[in-house]
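Colleague: I have some questions about the terms used for this model. Can we go through them one at a time?
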Amino acid sequence: MKISLSLPHADISPNSRKHWRAKAVKTKEHRARAKSMASFTLGYVHGDNPPIFYTYSLAFFLPDKRKRDDDNLAASCKAYRDGIADALGIDDHNLRMDSAPTMQLDREDPRVEITLNTNKP
């Protein structure tokens with residue numbers, strides 16, 4: 001199952017120097033957005049009988065060619081991962097990343113695609 005979300009806001013990056021309260025507001029927004037999209041996609045694709053997802057992968061579609069650190073990009077998606085786990089009704093420690101994040105250029109539609117897999121780690 002693939003969930004497409006906007007790129008995480010810079011305020012929730014591990015390298016952000018924002019005040020904790022501003023960061024918390026953005027994190028809550030991102031978590032809610034991911035939960036909503038995951039719930040919608042689960043219901044639309046799988047109905048009342050969704051599979052059990054064990055792993056996920058991240059594909060970043062970036063607006064420019066600037067160099068980015070893949071582990072910071074992945075860490076910026078923590079709120080998304082938490083929201084998806086909320087929608088699945090699981091603890092997020094049961095959801096493991098199965099490969100390194102990929103990065104591609106897409107000036108028209110920057111986003112992150114989170115693909116949930118039924119493969120056991």
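Predicted model: local features only at pLDDT ≥ 70, side-chain atom pairs only at ≥ 80, totals over all residues.

Colleague: Why is D98 called partly exposed?

Modeller: Buried means under 20%, exposed over 50%. D98 has 38% relative accessibility, so it falls in between.

Colleague: Where does D98 lie, and which residues does D98 touch?

Modeller: D98 sits in the loop between β3 (96–97) and β4 (102–105). Leaving out residues up to four places away in sequence, D98 touches T55, Y56, S57 and N117.

Colleague: Which residues have the most contacts inside the largest nonpolar core?

Modeller: L58, I84, V112, I114 and L116, in a core of 22 residues. Elements that each supply at least two of its residues include β2 (55–62) and β5 (111–117). Beyond four places in sequence, L58 touches V112 and I114, among others.

Colleague: How much space lies in the largest pocket, and which residues are closest to its centre?

Modeller: About 240 Å³. Of 13 lining residues, P8, A10, R68, L73 and S76 are the closest to the centre.

Colleague: What makes up the lining of the largest pocket, by class?

Modeller: Six nonpolar, four polar and three charged residues. The largest share of the lining, three residues, comes from α2.

Note on methods
Residues numbered from 1 in each chain as written. Heavy atoms only, no water. Helix = DSSP H or I, 4+ residues; strand = E, 2+ residues; numbered from the N terminus. Buried < 20%, exposed > 50% of the residue type's maximum accessible area, 1.4 Å probe, protein only. Contact = heavy atoms within 4.5 Å. Core = buried A, V, L, I, M, F, W, Y, C linked by side-chain atoms within 4.5 Å. 1 Å grid on protein atoms, 1.4 Å probe; cavity = no way out; pocket = protein on both sides within 12 Å on 5 of 7 lines; lining within 4 Å. Points joined across faces, edges and corners; volume = space filled by probe spheres on them. Nonpolar A, V, L, I, M, F, W, Y, C, P; charged D, E, K, R; others polar.
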